[in-house]
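Hi,

Here is the structure I promised to pass on to you. Have a look at it first, and then read on for what turned up.

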Amino acid sequence: MKKYILILVLLFISFSLYSQSQSHISTQSHQAEVTQITPVSARGTDGSYYTASDDGFVIKWTFDGQGEHYQFSDVSIKLLAVAPGGNEIAIYETDGGSINRITVWDWKTLSRKYIKKFSDSITSLAYSSKGTYLIAGTATVDGAVFIKTSGWQIVDKIKENTGIVSYINTSKTEKTCVFYSPSGNLSFYDFITGKLKQKMQIVKGLTQTVMYNENRYFAGVRDNTIYVTASGKTIASIPANNPIIISTEADYNLFYLENDGRSNYEIKMLESKEGNLVSNPRLVKSMKGPRGSAIITSAVKDATNIYFGGKNGAVYQTEAEATINTTNLTELTENTYSKIYDMAPSESDFYFLTTNAIFSSSYDTGVITKLASTSGESNIISYKDNSVILWTFSEKTPVKLIDLDKKTSTVLFTPKNSVQKVRLCSVEDKDYLIEIESNSIVNLFDIQSGKLSEIYSGTGIQDAVYMNNKLVYIAKSAATNPQTPLLSVNPDTMETVPLNIKGNVTYALSTDGKTIYGLNIISDDTGKNTYVFSFNVYTKKMTNILRFTEEDPEAFTYLSGNTLFTNIGRNKVYCYNLSTKKRFAYNRSASIPKTICTNSKRAVILNSNGSISWCGTNDSKLLADWYLTKDEQWYEF
């Protein structure tokens, strides 16, 4: 099987880089909408460009169609800026709500150079022409934030509040800076003195804004119309079907893409003319391309090519040169992998769950075996007698017991509300499932008797475990009554006891039956910190084990024997020996780690993109990254 894996590597023409940069090179597509495409160099002459996506990945594509993949965020990347030189990038990460942050990365080392959190959304992001400043527009009256890249300090460059700005550009000399505000103001500032030089009132509410032709023209889109202004006056308003402006500041003319809502695409050009005029739209080329869920959502032009990003994560390319005949838009990417949604240990192998099947495999044999077909469940729990329990996160679908020998499926129970968590617990030689629905109900299911009982209802529930002292411990938000992050419930008497625990919220529990391990977010004078804790249910003593100096509500804990694993910080998985107090961190792959499980021989990490990373249990070395292909074989990086 090892030979077969090596053959697959050659067939896919991929190279492993994680020994140095831990990125992956392949033609695999993004797994969510492409939000932005940006040439690596300002003039775009080397055929390389970056794509950013809602999947948290940035891919650097080269002229030969190969992409270097790395996941920088566990939330969407909406904006990307490239510093002069092309190896430093700034990204805007957001969940559309409370998370709004700008991070700066060195692409060569894949190391973070800077992070800045914001309370409001970011409306624009750009480096100054020489890279002296990183400039972020914010959705507040305070407006633009100027960050000096030499020391990553915020500086006061403009002497007045710029207000909300959605476009930022500086002159080549960095002596002048221009902002566009959705209110219709195009403002020019002396970037040395910080004083306003000129303010022009132009069309309001423009998006996809760009200055071009050596900053003579300013263009944007509103209501399916492209507006072009010069010297503060609108010189053209061009109706267009679903237009995407594809020109950059390096272009002399304005290029844009039109789509009729189906598979017909046209690239058109407005030629710059003397006297601050532009031509009527000129057709550059017609193309057949994707539609529906794969429709083009972003595009950009460099010196020779035009690159497109799809709603489904695909990337396309065509030459910028004009053509007469209608051509087909060429997809550069492939979607060759089957995503693994969850995994669980078996006696010698591991179970891997995809959207339609359960597989077993191990690193040492490399053999993959399909054990059973499934119905789209997202989570798997190992159970005795070669059986597993399946359930689906955020759905009301039945919780099932699958006998992998007999190939039979038994419905254990059907939830009344969307399922948040299902956990297997054994108390006094009896097996139970703890089930949480809609962050508000905790149920206890006796597997032997088939009895389902509601034992607690409230709000802000995060997790629960059934312990050897025959009490169920419930992790919750302290903002809801009773105002404690941890409480116990006696499932026989229904007596509820709030525990005197400090913290905002506890979650992500693991247990050996006597001690609870989990995560606790605590607010203090320094802000919100996340702690890995232990809580002895007999002595009622809580001990903080690890601390992360930021809020991390999505991290996990996993207990295996005397070792506790966590991805607190969500960039690496940490291994902590509870006896020796020693710890190390596993080197991460191209994708952010999501969870881990172990058996007697190996540890395997499930990554956010559905790949797995094999590890030893005694050091930080990653043995290999495996992806499951569509034809149900392993592909190894």
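A contact here means a pair of residues with heavy atoms within 4.5 Å. On that basis, residues 24 or more positions apart account for 40% of the contacts with a separation of 6 or more in the protein chain. Please keep in mind that this is a predicted model.

As for the overall build, the protein chain holds 63 strands and one helix. Its radius of gyration is 28 Å, close to the 26 Å that the globule rule gives for 637 residues, so the chain is as compact as a globular protein of that length. Along the principal axes, the C-alpha atoms fill a box of roughly 90 × 55 × 45 Å.

Of the 637 residues, 57% are buried. The accessible surface comes to about 27500 Å², and carbon and sulfur atoms own 47% of that. On the charge side, you will find 64 positive and 62 negative side chains, with the centres of the two sets 4 Å apart.

Now to the inside. The largest nonpolar core has 28 residues, and Phe352, Tyr586, Ile596, Val604, Ile612, Trp614 and Trp634 are those with the most contacts inside it. Among the strands that each supply at least two residues of this core are β36 (350-353), β59 (593-598), β60 (603-607) and β61 (612-615).

Which residues does isoleucine 596 touch, leaving out those up to four places away in sequence? They are Met343, Phe556, Tyr558, Phe565, Val573, Tyr586, Ala603, Val604 and Ile605.

Happy browsing, and best wishes

Definitions and conventions
Residues are numbered from 1 along each chain as its sequence is written. This is a predicted model: local features need pLDDT of at least 70, side-chain atom pairs count only at pLDDT 80 or more; totals for chains, interfaces and linings use all residues. Side-chain values use heavy atoms; hydrogens and water are left out. Helices (H or I, at least four residues) and strands (E, at least two) are DSSP runs, numbered from the N terminus. The radius of gyration is taken over C-alpha atoms; the globule rule is 2.2 Å times the number of residues to the power 0.38. Buried means under 20% relative accessible area, exposed over 50%, partly exposed in between (1.4 Å probe, protein chains only). Accessible areas come from the Shrake-Rupley method with a 1.4 Å probe; for residues, only the protein chains shown count as cover. Lys and Arg count as positive and Asp and Glu as negative; His and the chain ends are not counted. The place of a charge is taken as NZ of Lys, CZ of Arg, CG of Asp or CD of Glu. A nonpolar core is a set of buried Ala, Val, Leu, Ile, Met, Phe, Trp, Tyr and Cys residues joined through side-chain atoms within 4.5 Å.
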